[in-house]
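This report goes through a single chain, from one residue and its surroundings to the chain as a whole. The sequence and the structure come next.

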Amino acid sequence: MPNGDAIPAKADASDEQLAELLTEVRGRTGELGSDLIDSMANLSRDHVQEVRRTGTTDSVDVEGRPLIVLSTIGAKSGNAREHALIRVEQDGAYVLVGSMAGAPRNPDWYYNALANPNVRIMDGVTEREYIATEASGEQRDKWWAIAVETFPDYSRYQTMCDREIPVLIAQLKA
């Protein structure tokens, strides 16, 4: 693939395929190309569109793992944004992992949730309001372990980037 060629987004592309593309782009350019970030965003958009078409997150997955739809308010734009994330849930709390398959930067939804922690999560056919807070220290370690148990590739993604992958915890709004 020549430098600068776009990587097509595929609704059926697995996270593993995206990680392989990431490795290929890094090998070619030494850094993550914006075309891959765009491709990952397109994949998330395609998943969200399928959820909205079917009315349930049960209609989409990544490598057999269920997804949720996270709704945020854009930190800069103030516009509503939706993102498909791997479902990591324990005792009613959701772990929001900003991996971007090991990309060198954090996902936009992370900054949105920090700026406006009032988020909505759709899981199955249920949508509820949550408060998202960033985990740190021992709390992050605990939730990171839960995330890696749910989706082991997260640990590989951490080795692929120089940043600490952010972990946010979404608790049901009272």
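Gln 139 is partly exposed, with a relative accessible area of 38%; buried stands for under 20%, exposed for over 50% and partly exposed for what lies in between, with a 1.4 Å probe and protein chains only. Gln 139 lies in helix α4, residues 137-150. Helices (H or I, at least four residues) and strands (E, at least two) are DSSP runs numbered from the N terminus. Apart from its neighbours within four places in sequence, Gln 139 has Glu 134 and Ile 169 in contact, contact being heavy atoms within 4.5 Å. Between Gln 139 and Val 167, 28 residues apart along the chain, the C-alpha distance is 9.6 Å.

The model is predicted: local features need pLDDT of at least 70, side-chain atom pairs count only at pLDDT 80 or more, and totals for chains, interfaces and linings use all residues. Residues are numbered from 1 along each chain as its sequence is written, and side-chain values use heavy atoms, with hydrogens and water left out.

**Aromatic residues**

Rings of Phe, Tyr and Trp (its six-membered ring) pair if their centres lie within 6.5 Å; planes under 30 degrees apart are stacked, over 60 edge-to-face, and the rest tilted. The count by this rule is six aromatic pairs. One of them joins Tyr 110 and Tyr 111, edge-to-face at 5.0 Å centre to centre with 75 degrees between the planes. Tyr 110 is buried at 8% relative accessibility, while Tyr 111 is partly exposed at 42%. The pair of Phe 151 and Tyr 157 is tilted, because the ring centres are 6.2 Å apart and the planes stand at 50 degrees. Phe 151 has a relative accessible area of 1% and is buried; Tyr 157 is buried too, with 0%. Trp 144, Phe 151, Tyr 154 and Tyr 157 are linked by ring pairs into a cluster. Over the ring of Trp 144 sits the charged end of Arg 140, 4.8 Å from the ring centre; the rule asks for NZ of Lys or CZ of Arg within 6 Å of the ring centre and within 35 degrees of the ring normal.

**Salt bridges**

A salt bridge is a side-chain nitrogen of Lys or Arg within 4 Å of a carboxyl oxygen of Asp or Glu. The whole structure holds 13 of them, and the table gives some examples.

| Pair | N to O distance |
|---|---|
| Arg 53 and Glu 50 | 2.7 Å |
| Arg 52 and Glu 82 | 2.4 Å |
| Arg 120 and Glu 127 | 3.8 Å |

Arg 52 is partly exposed at 36% relative accessible area, as is Glu 82 at 33%. Arg 53 and Glu 50, in contrast, are three residues apart in helix α2 (residues 34-54), so about one helical turn separates them. Arg 53 is exposed at 62%, and Glu 50 is partly exposed at 26%. Glu 127 is partly exposed at 32% relative accessibility, and Arg 120 is partly exposed at 32%. Through salt bridges that share partners, Arg 52, Glu 82, Arg 120, Glu 127, Glu 129 and Lys 173 form one network.

**Strand pairing**

Two strands pair if DSSP finds at least two bridges between them. Strands β1 (residues 61-62) and β2 (residues 65-73) are antiparallel, with two bridges, and Val 62 is opposite Arg 65. They form a hairpin with two residues between the strands, and Glu 63 in the turn has a positive phi of about 50 degrees. β2 also runs antiparallel to β3, joined by seven bridges; there Thr 72 has Arg 81 as its bridge partner. In this second hairpin six residues lie between the strands, and Gly 78 in the turn has a positive phi of about 75 degrees. A further antiparallel pairing, over three bridges, sets β2 beside β6 (residues 118-123), with Leu 70 opposite Ile 121.

**The chain as a whole**

The chain has five helices and eight strands, in the order α-α-β-β-β-β-β-α-β-β-α-α-β from the N terminus. Of its 174 residues, 47% are buried. Among contacts between residues at least 6 apart in sequence, 66% join residues at least 24 apart. The accessible surface is about 8,800 Å², with 46% belonging to carbon and sulfur atoms; areas come from the Shrake-Rupley method with a 1.4 Å probe, and for residues only the protein chains shown count as cover.
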